[in-house]
Amino acid sequence: MAAHDLQASARKQDEGSAVSVHGLRRRYGERTVINGLNLHIARGEFVALLGESGCGKTTLLRALSGLDAIDGGRIDGPKQPAVVFQEPRLIPWDSLGRNVSLGIDERNGKALARAALEEVGLGDRIDDWPRNLSGGQAQRVALARALVREPRLLLLDEPFAALDALTRIRMHALVRQLVDRHRPGVLLVTHDVDEAILLADRVLVMRAGAIAGEYAVSHEAGRNRAHPEAQALREHLLAELGVAVAA
């Protein structure tokens, strides 16, 4: 590992823990979906989670978010982390400002909502309504709502999957910028290998309810898809996921 990567890793560790998972178990009836999973994400660290459908990715995210109970093990993290889902899940009868400030003291809510919306380029739309937004704009509001409380842990459940290609590129840049500014620990669940390499400091591969592989992503590989390290990592991750790469 290069010296600058070691220094970046040390800085992340110094910022403290966003979440630690110890021996997590989760069952649905007789079927064990997650068994003995361990995971640590530091504050300021961006982790992407890949895996085939049914391997337990969403189950893990729901457990971390508090939406699902667990059957064993321990999660040391915030009780209510911020979550952004594939759908924006905005309240249609509330303004954008009220959507972002939901649950915040009314004395500070509007000012905080305006600042959060300005960060995502929608500061002038605070009194607008969700029905007037494009898909990408709605996801920006969802991001503003997630980050307005300065969360310790941010969970992203395929938030770009429904967006067109150009909007996804813009959202990738925005998310990276916001995470660098607010420094939450991030877990991104995705099926997109290129997206994982672009955004994450570390990529995990999940298989049969456990972490089967873990890969650091250097700054050079993450910012340049043509970099040899990025190409090699992409091929390795695709192979891990059972996808053959044409020669």
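Student: How many positive and negative side chains does the protein have, and how far apart are the centres of the two sets?
Tutor: Keep in mind that this is a predicted model. The protein carries 32 positive and 32 negative side chains, and the centres of those two sets lie 4 Å apart.
Student: Okay, on to the fold. How many helices and strands are there?
Tutor: There are 9 helices and 9 strands. The radius of gyration is 18 Å, close to the 18 Å that the globule rule gives for 247 residues, so the protein is as compact as a globular protein of that length.
Student: And what does the C-alpha trace span along its principal axes?
Tutor: About 50 × 45 × 35 Å.
Student: What share of the residues counts as buried?
Tutor: 50% of the 247 residues. The accessible surface comes to about 12,300 Å², and 49% of that belongs to carbon and sulfur atoms.
Student: Switching to contacts: of those between residues at least 6 apart in sequence, what percentage joins residues at least 24 apart?
Tutor: That would be 71%.
Student: Now helix H2, residues 57-65. Why is it described as largely enclosed by the rest of the structure?
Tutor: Because 7 of its 9 residues are buried.
Student: Which ones are they?
Tutor: In H2, the buried residues are Lys-57, Thr-59, Leu-60, Leu-61, Ala-63, Leu-64 and Ser-65.
Student: What follows H2?
Tutor: Gly-66 comes after H2, with a positive phi near 85°.

Key. Residues numbered from 1 in each chain as written. Predicted model: local features only at pLDDT ≥ 70, side-chain atom pairs only at ≥ 80, totals over all residues. Heavy atoms only, no water. Helix = DSSP H or I, 4+ residues; strand = E, 2+ residues; numbered from the N terminus. Rg over C-alpha atoms; globule rule 2.2 N^0.38 Å. Buried < 20%, exposed > 50% of the residue type's maximum accessible area, 1.4 Å probe, protein only. Contact = heavy atoms within 4.5 Å. Areas by Shrake-Rupley, 256 points an atom, 1.4 Å probe, with all protein chains shown as cover. Lys, Arg positive; Asp, Glu negative; His and termini not counted. Charge placed at Lys NZ, Arg CZ, Asp CG, Glu CD.
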